Amino acid sequence: MDINETLNDLTKSVTDFFFPRRCPFCGAAVGKALLCDRCRDTLPYTEGRALQTGPFGRCASPLWYEGAVRKAVLDYKFKGKMGSLNCFGEMMARCAAEEFSGAFDAVTWVPVSKKRLRRRGFDQSRFLAASLCVDWHTAPVETLKKTADNPPQSGLTDAAARRANVLGVYETADPAAIAGKRWLLVDDIVTTGATLAECVRVLKEAGAADVVCLTLAAARRS
């Protein structure tokens, strides 16, 4: 084994000892696992029931946005708890493989505005896209830019208001890179699908051959 690999392994072992990996959903120490046994058995998995169609095309999500999942997503999104990324990325990658195998050529994400990026310090959907791409030995491609810092969708309950809130706030980053490809579009949560629909519209107007969507969690529809 290379000396650098040995040192890296030793460093990881020491780090794991003093700062053990925690389950993103309950906080229990999990060693080398991504989540604890209890959460693995009790999380609100969608089991394909969240696969939905609409103006955004098709969207799949591994988890329902409720309970411990909601708290974990909010902790990641607003408190910057990055220790959950490996777990989230693995769940999303598995969901994409199950629901959309062979349906996309490249991965992209729903971006945040420049103002929100400065305030939050990171783009949560970009990080999710990068995490799920790790085992595929690829990298997500920036295709969209958000041109306006519109009010958060979470503050709007009416579906029509959500659609109006995102209309025209996205533009293509590199139209030439979009045309002719089938895209997997990543976001953190899907509620009404208004944001995804607007991003899909922009991508297709730029020549995308198809777009399928993937989120970490989905709100249950009444």
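A208 sits in the loop between α9 (194-205) and β8; helices (H or I, at least four residues) and strands (E, at least two) are DSSP runs, numbered from the N terminus. The model is predicted, so local features need pLDDT of at least 70 and side-chain atom pairs count only at pLDDT 80 or more, while totals for chains, interfaces and linings use all residues. Residues are numbered from 1 along each chain as its sequence is written, and side-chain values use heavy atoms, with hydrogens and water left out.

**The surroundings of A208**

- A208 counts as buried because its relative accessibility is 9%, where buried means under 20% relative accessible area, exposed over 50%, and partly exposed in between (1.4 Å probe, protein chains only).
- Leaving aside residues up to four places away in sequence, A208 touches I178, A179, G180, K181, W183 and L203; a contact means heavy atoms within 4.5 Å.
- From C-alpha to C-alpha, A208 and R182 are 6.2 Å apart in space, although 26 residues apart in sequence.

**Helix α4**

- Helix α4 (residues 85-100) has 16 residues and reaches 21 Å from its first C-alpha to its last, close to the expected 22 Å; the expected span is 1.5 Å times one less than the number of residues.
- The buried residues of α4 are L85, C87, F88, G89, M91, M92, A93, C95, A96 and F100.
- The cover over these buried residues includes the strands β2 (57-60), β3 (63-64), β7 (182-190) and β8 (210-218), together with the helices α3 (67-79) and α6 (124-133).
- Just after α4, G102 takes a positive phi of about 80°.

**The second largest pocket**

- The second largest pocket holds about 320 Å³ of space.
- Of the 15 residues that line this pocket, R22, C23, P24, K81 and S84 are the closest to its centre.
- On a 1 Å grid over the protein atoms alone, a pocket is an open set of points where a 1.4 Å probe fits, with protein on both sides within 12 Å along at least five of seven lines; lining residues have an atom within 4 Å of a point.
- Helix α3 gives the most to the lining, with four residues.
- By class, the lining has six nonpolar, four polar and five charged residues.

**The protein as a whole**

- The secondary structure comes to nine helices and eight strands.
- Of the 222 residues, 44% count as buried.
- Among contacts between residues at least 6 apart in sequence, 72% join residues at least 24 apart.

Terms used:
Grid points are joined across faces, edges and corners, and a volume is the space filled by probe spheres set on the points. Ala, Val, Leu, Ile, Met, Phe, Trp, Tyr, Cys and Pro count as nonpolar, Asp, Glu, Lys and Arg as charged, and the others, Gly among them, as polar.
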